[in-house]
Amino acid sequence: MFTVLLAIGILVVLSLIFGGILGYAKVRFHVEGDPIVDQIDALLPQTQCGQCGHPGCRPYAEAISNGEAINHCPPGGQATIQALADLLDVEAIPLDGDHGTETAQRVAVIREDECIGCTKCIQACPVDAILGAAKQMHTVIADECTGCDLCVEPCPVDCIDMVDVGITAKNWSWDKPQGVAAQSLNIIATDRSTEVSQ
Amino acid sequence: MQTAQVFSFHGGIHPEENKTQSLQLPLGKPSLPKELILPLSQHIGQASVPLVAIGDQVLKGAPIAANNGLLSSHLHAPTSGTITAIESRPIAHPSGLSDLCIVLQPDGKETWTELKPLPNWQQLDATEVISHLADMGIVGMGGAGFPTQVKLQGAHKKPLSHFIINAAECEPYITSDDTLIREKTRELVLGIELFQHLVQAEQVTIGIEDNKPTAIAALNKTLTECNSKIQLVVVPTKYPSGGERQLIQLLTGQEVPSGQYPADIGILCQNVGTCVAGYEAVYLGKPLISRITTLTGKALNAPQNVDVLLGTPVAHLLAYADLQEKQLNRLIIGGPMMGYTLDSAAVPIVKTTNCILAANKKELPAPAPEQACIRCGMCEQACPASLLPQQLLWFSKSQELEKAEHYNLFDCIECGACSYVCPSSIPLVQYYRHTKSSIRDAREAAVKSDLAKQRFEARKARQDAEAAEKEAKRLARQQASASKAVQTKKTAPATKTTEKSALNASNSEAAPQINDTTKKLKVDVAIGKSKLKKLQKQLVEAQEDERLEDISALQLHVSEQEKALVELETELAKAVKANPTKKPSDTPDNSVEKAKAPANDALKKAKIDAAIAKAAVKKVEKALKKAEELQAPEVDAIRQQLADAKKRADELEKVLDNPSPSTPPTEQKPAVSAAQLDLASQVKKEKIAVALAKAKINKLNKRLASSPEDAETVSKDIEAAQQQLVQAESLLATLIESQHNSQETS
């Protein structure tokens, strides 16, 4: 009987000690805000285009943390979906076509001689990448443009084009090799010389 | 000369050297090509900015492009001639893409510009000499094309223990450095001493592979002649001992830590070509406009080294070395290990082109198909950077970028030793290159998205602040008006919101305050009305939402409010009756003036209308002209509109010519003036409607002019809008007429 009581007593003391530690840790290491939202937000491409139906990337990150599907971000494409799936430990699903399709990186370009200086695109730009003033010609700061498209619609004279960022010698990258091709699975290394000389 | 200890580095391979072919003939000097193509980015870093324009005459050695930022270089005309184009041309790049190039047509005279050597460089400050080297466009000629001035300045951050001159030239086929040492031994030694003077290293060492006996002998001879302190260290032939980090390890036994530069451990490494270019820049004042390049491969009948002007097209050199077109299978720039295939022979020689390999089919067969990795580990044995190529392959294949980086993918020098030994012919280096660029892209994207986020958040903060400011202003205004109301209440305690006190006040206050009372009552009535409206609205909402308890309460409020309103109105009527004669007689002059003012206003308005109408006529005329030019079918419609607009303009002018005959009468009955006011407001409304209709027509016309395709629908719209306009105008005319009449009668 004594042993049982002793065991219970020890366990009670232990639980009190650890409970105290946990309680202290909860107060001491309390995290403000929702860290998962920050993590999701960090994976989103920050184009702030609103194609997901939310006014910016952070609101969508919040929506994802509340259970919205992870495949509503066309600018991020499949890579972002994969990253989100890895983070949230859910299955990667194909991009939802309702929200748009994945396109190449683009930037907005204003045909400057047609611009009437209405400032509507400036107000639409989520990242303040358009420069100009009322009745003055506007221009896009290409380096800051996220290619979100939001300036195209409000333009009353349709002088904004979305232009693909072309591949130049500076941003070109090597192709990924084909990998083990199907037919090469049939040969062994010593067959290589005959294969080659054919 | 003392013998120095030679260390070793991990891995390495011994591919067939194939160096003798190109050493059979002496250094060649090809003729001037028809045009020289000079890419603006021949070095690592930002592309140079052109200093010349199309059509400019330039002399040999004159600067044609200036450096653009810290990590950039100058570019000089390799010969005298005319600039014929500054345009995109294919350049020597693994992608086969084009880039901006200056195209120079030689005049064949080879007229040098004035050369500016630095004879007294030993007395000068190191910085001055380094900036002279920068002006002469010197870049590292070993392969990467790192601007030399940046490298030399970087060497100053730590006292240098070793200055190493890279003469290893380990890659098969290439013999350009070998030839350079043989041809320009003295210049090389002077160049090395020049650089040593600039960097003041403790020890100067030339590292050379033992497969260049002639060059070693020549160097030894010159070094003894000059009584130089430079040490010549012969290293065993092994690929890639010419890699900067590998050579440093061979000569000093030190490893350059991952992610750092040799300068971080007090070592500077320069290629022999760079040293000779430095000599020529300082001693002779010659900018970097030519280099020695190896032309080799079995498709060439006369493989050799050539001293070639920068910008010479590869095709010109191949012709010089007697190319057999039929034999040519692959054209490679650089060596067989680290070079890349060229798509076109039109690309020019640049500052870093050390070899052109025109290989036939036997020499460089197509790569065997890739097979599965058998985990033999031979790649690990061969890797000179002591990496784990197999692991990196897995991570590259599955695009696990973080892990690849963690396994030091960026320490890979892409020497190709692993691919060379791989029994499964896996193109490992290509995987690494792809993964490296993926990582770089991801980093860039991360930087960009961070920036976008920052800008988005800044914008949001700004918008919020603006909204808050507006709200604060609104509140301040509200408070101000509220405090005013309180003040007026205090000054006139009689005027209280409830009808009872109002009644008391009207009874007890003296005559001068009666006017105030009526005013107050009127305000109260207005307030009561708006309250009633609000309550009714709420009631409707409540009924829609079926909130029973609210409905009954609201109904009670509404009926109460209605009662109060009725009482207020009767009170008001009483108050007005109580002093009917006072009000008009109080301000007779005022009323006259008031009446005059609207007349003036009307005149002004008429003038403005006339101006607007004239402008409209002009606009329509313009539209008509455009339409006629386009031969659009809606010309008639526009003409009709023009006639209308003219008519209207004429009418308005007529009205203006005989200005309102209604000189204000001396006395006006309030009822009449009220009616006039009502009329005036109606006229105003109608005028606005007319203006709106006109604007619509204008807009439609614009659209018509810009897009004749959907002319039909647009012209239909125009017709409808015109009808509206006509209606509105006729209504306006009748209204104006009645207004005139009423004014006359009054």
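This is a predicted model: local features need pLDDT of at least 70, side-chain atom pairs count only at pLDDT 80 or more; totals for chains, interfaces and linings use all residues.

Me: Let me start with one residue: is B:Glu244 buried, partly exposed or exposed?

Reply: Residues are numbered from 1 along each chain as its sequence is written, chains are lettered from A and ligands numbered from 1 in the order in which they are written, and side-chain values use heavy atoms, with hydrogens and water left out. Now the general idea: buried means under 20% relative accessible area, exposed over 50%, and partly exposed in between (1.4 Å probe, protein chains only). B:Glu244 has a relative accessible area of 28%, so this residue is partly exposed.

Me: Which residue does the side chain of B:Glu244 meet in a salt bridge?

Reply: A salt bridge is a side-chain nitrogen of Lys or Arg within 4 Å of a carboxyl oxygen of Asp or Glu. Here the partner is B:Lys151, at 3.1 Å from N to O. B:Lys151 lies in helix 2 (residues 148-154) of chain B and B:Glu244 in helix 6 (residues 244-252) of chain B, so the pair ties together parts that are 93 residues apart in sequence. Helices here (H or I, at least four residues) and strands (E, at least two) are DSSP runs, numbered from the N terminus. B:Lys151 is partly exposed as well, with a relative accessible area of 25%.

Me: How many residues apart are B:Lys221 and B:Glu225 in helix 5 of chain B?

Reply: They are four residues apart in helix 5 (residues 213-226), so about one helical turn separates them. B:Lys221 is exposed at 56% relative accessible area, and B:Glu225 counts as exposed at 55%.

Me: In what order do the elements of chain A run?

Reply: From the N terminus on, they run α-α-α-α-β-α-β-β-β-α, which comes to six helices and four strands. Of the 198 residues of chain A, 28% count as buried.

Me: Which residues of helix 3 of chain B are buried?

Reply: They are B:Ser176, B:Asp177, B:Asp178, B:Thr179, B:Leu180 and B:Ile181. Because six of the eight residues of helix 3 (residues 176-183) are buried, this helix is largely enclosed by the rest of the structure. One of those residues, B:Asp177, is touched by B:Asn271. B:Asn271 is in strand 11 (residues 267-271) of chain B and counts as buried at 11% relative accessibility. Leaving out residues up to four places away in sequence, B:Asn271 also touches B:Met141, B:Gly142 and B:Asn166.

Me: Now for the two chains together: how many residues of chain B are in contact with chain A?

Reply: Contact means heavy atoms within 4.5 Å. By that rule, 37 residues of chain B are in contact with 43 residues of chain A. The size of an interface is often given as the accessible area lost when the parts come together. Buried area is that loss (1.4 Å probe), summed over both parts. Chain B and chain A bury about 3,200 Å² between them, 57% of it on carbon and sulfur atoms. B:Arg455, B:Phe456 and B:Arg459 supply 18% of the area that chain B buries against chain A, more than any other three residues.

Me: What does B:Arg459 meet in chain A?

Reply: Its side chain meets that of A:Asp128 in a salt bridge, at 3.6 Å from N to O. Between chain B and chain A the count is four salt bridges. Helix 10 (389-397) and helix 13 (428-491) of chain B each supply at least two residues of the side that touches chain A. The largest share of that side, 15 residues, comes from helix 13.

Notes
Buried area is the accessible area (1.4 Å probe) that two parts lose on being put together, summed over both.
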